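Please look through the points below with the model open beside you.

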Amino acid sequence: MHKPIIGIAATTLALASSLAAASPLQWQDNSLTYLYGNDFEVDPKTQQAVTFEHASGWSFGDLFLFVDSIHYNGAKDANGNNSTWYGEVAPRLSFGKLSGQQLTFGPITDVLLAGTYERGRGDIKNYLLGPGFDLNLPGFDYFQLNTYYRHSDTPDGVRGAWQVTPVWAVTLPVGKSDILIDGYIDWIVDNDGDGKHANLHFNPQVKYDLGKALGWKAKQLYTGIEYSYWKDKYGIKNTAAFDTNQNVTNLLVKVHF
């Protein structure tokens, strides 16, 4: 089953790239984020990160990608590195847009084919593919629910697991500005006997629109925090001898352009 999954995922990513080249861009957003936090687990305790993010909507669906540049403040990880990097490319093909039909029922406003390619320093290469849904939920700016079958190129990675990933955003007016709460959950449900433990990563950001408060353009400059709760981080089971349950609050500055 693994080879067909890799082939389908690679085909999906290639198709999304070719469609993006030929399809009208409907909207896009780019940003840079600086993060600083302590008390990370598995990796060095103190970390600084700079993240580039891109999100866009196309006539065929949408695209999200990010790249993290992570630095350990002089410490080194288990592989002897004082820094690392990690990124994801996540296109989604909209059956509603491609068919020209409204695929709405209940809170669901669209049905999509969601794919993700994960790449990190060393031999981290993961492929994800599965159904996605856009939902209209009261109080949310947007709410997505993506489900994936995961496969890793490496034997020590997750090679047969399902992942559930909700993604959301909520805007709360506060005085002359707004607070934006957005984020995601990655829940790897099972591991099909591959030696990795099921794990859950809860990663919201709570951000104040400082630019709007200062009279600048709204949704341009944010300050706030990012919280990272990761149970059994990287699929490593938490034990008394090795803590892999992560609770970190990062300071955050984010600029959109």
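1. Which residue takes a positive phi in the hairpin of β5 and β6? G122 does, with a phi near 85°, and the hairpin has four residues between the strands. Strands here are DSSP runs of E with at least two residues, numbered from the N terminus.

2. Some ground rules come next. This is a predicted model, in which local features need pLDDT of at least 70, side-chain atom pairs count only at pLDDT 80 or more, and totals for chains, interfaces and linings use all residues. Residues are numbered from 1 along each chain as its sequence is written, and side-chain values use heavy atoms, with hydrogens and water left out.

3. Strand β6 covers residues 125-135 and is largely enclosed by the rest of the structure, because eight of its eleven residues are buried. Buried means under 20% relative accessible area, exposed over 50%, and partly exposed in between (1.4 Å probe, protein chains only).

4. β6 runs antiparallel to β5 (residues 108-120), and eleven bridges join the two. Two strands pair if DSSP finds at least two bridges between them. I108 has L135 in β6 as its bridge partner.

5. β6 also runs antiparallel to β7 (residues 142-152), here with eight bridges. D134 stands opposite Q144 in β7. The hairpin of β6 and β7 has six residues between the strands, and G139 takes a positive phi near 90° there.

6. Two residues other than glycine deserve a look. D39, in the loop between β1 and β2 (47-58), has a positive phi near 70°. D232, in the loop between β11 (221-231) and β12, has a positive phi near 55°. Are they buried or exposed? D39 is partly exposed, at 47% relative accessible area, whereas D232 is buried, at 3%.

7. On the surface, L32, Y34, V50, V253, V255 and F257 form a nonpolar patch with about 500 Å² of accessible area together. Such a patch takes residues with over 30% relative accessible area and no salt bridge, its nonpolar side chains (Val, Leu, Ile, Met, Phe, Trp, Tyr) being joined within 5 Å. A salt bridge is a side-chain nitrogen of Lys or Arg within 4 Å of a carboxyl oxygen of Asp or Glu. Accessible areas come from the Shrake-Rupley method with a 1.4 Å probe. β1 (25-37) and β12 (246-256) each supply at least two residues of the patch. V253, in strand β12, is partly exposed at 36% relative accessibility.

How values were computed. Patches are made of residues with over 30% relative accessible area and no salt bridge: like charges are joined within 9 Å, nonpolar side chains (Val, Leu, Ile, Met, Phe, Trp, Tyr) within 5 Å.
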